[in-house]
Amino acid sequence: MEKDATKKVIEDKDGTFGDIMIMALRYALGRRTYVTNEVPDFIKNNSDYITERICIVMLRDITYYVDNRKIGLIHDDKCDYDSWIQFQNFLFNLAKIKNYNVVGYMRR
């Protein structure tokens with residue numbers, strides 16, 4: 001089988017790639033920049049690395065962001081908020097496909 005020359009291969013030798021994706025997500029949440037689209041797209045393209053634990057942490061962080069935005073602690077643009085809601089939906093769908101238990105992180 002030939003490798004797709006256009007697809008980059010990530011070797012997660014020490015098992016920390018999922019945690020690095022969490023760090024990128026946390027950096028991007030609440031910002032008013034292109035990174036609010038770039039980070040979710042990158043994570044979606046590397047969703048094979050999203051374990052149940054990683055999924056739960058990301059959903060928890062997005063929920064925290066949404067809650068803080070609702071009470072006025074975060075002042076970003078609607079397009080940024082919409083991007084995070086779309087990514088949250090992606091994570092919920094991924095969790096359903098992979099049979100992850102994320103019931104506690106469903107939208108309120």
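Predicted model: local features only at pLDDT ≥ 70, side-chain atom pairs only at ≥ 80, totals over all residues.
H4 itself runs over residues 78–98, 21 residues in total, and spans 30 Å from first C-alpha to last, close to the 30 Å expected at 1.5 Å a residue. Just past the end of H4, Asn 99 adopts a positive phi of about 60°.

Now for how H4 sits against H3. Two packed helices are described by the angle between their axes and the distance between the axes. For H3 and H4, the axes come within 10 Å and cross at roughly 150°. With angles over 145 degrees counted as roughly antiparallel, H3 is therefore roughly antiparallel to H4. The crossing of H3 past H4 is left-handed. On the H3 side, the contact is made by Cys 55, Met 58, Leu 59, Ile 62, Thr 63, Tyr 65, Val 66 and Arg 69. H4 brings Lys 78, Asp 80, Tyr 81, Trp 84, Ile 85, Phe 87, Gln 88, Leu 91, Phe 92 and Ala 95 to it.

Zooming out, the chain has four helices and zero strands, in the order α-α-α-α along the sequence. Of its 108 residues, 37% are buried. Among contacts with a separation of 6 or more, 73% join residues 24 or more positions apart. The chain exposes about 7,400 Å², with 52% of that supplied by carbon and sulfur atoms.

Terms used:
Residues numbered from 1 in each chain as written. Heavy atoms only, no water. Helix = DSSP H or I, 4+ residues; strand = E, 2+ residues; numbered from the N terminus. Expected span 1.5 Å × (residues − 1). Buried < 20%, exposed > 50% of the residue type's maximum accessible area, 1.4 Å probe, protein only. Contact = heavy atoms within 4.5 Å. Areas by Shrake-Rupley, 256 points an atom, 1.4 Å probe, with all protein chains shown as cover. Axes fitted to C-alpha atoms, helices over the stretch in contact; angles between N-to-C directions. Parallel < 35°, antiparallel > 145°, perpendicular 65-115°, else oblique. Left-handed = near helix turned anticlockwise from the far one by under 90°.
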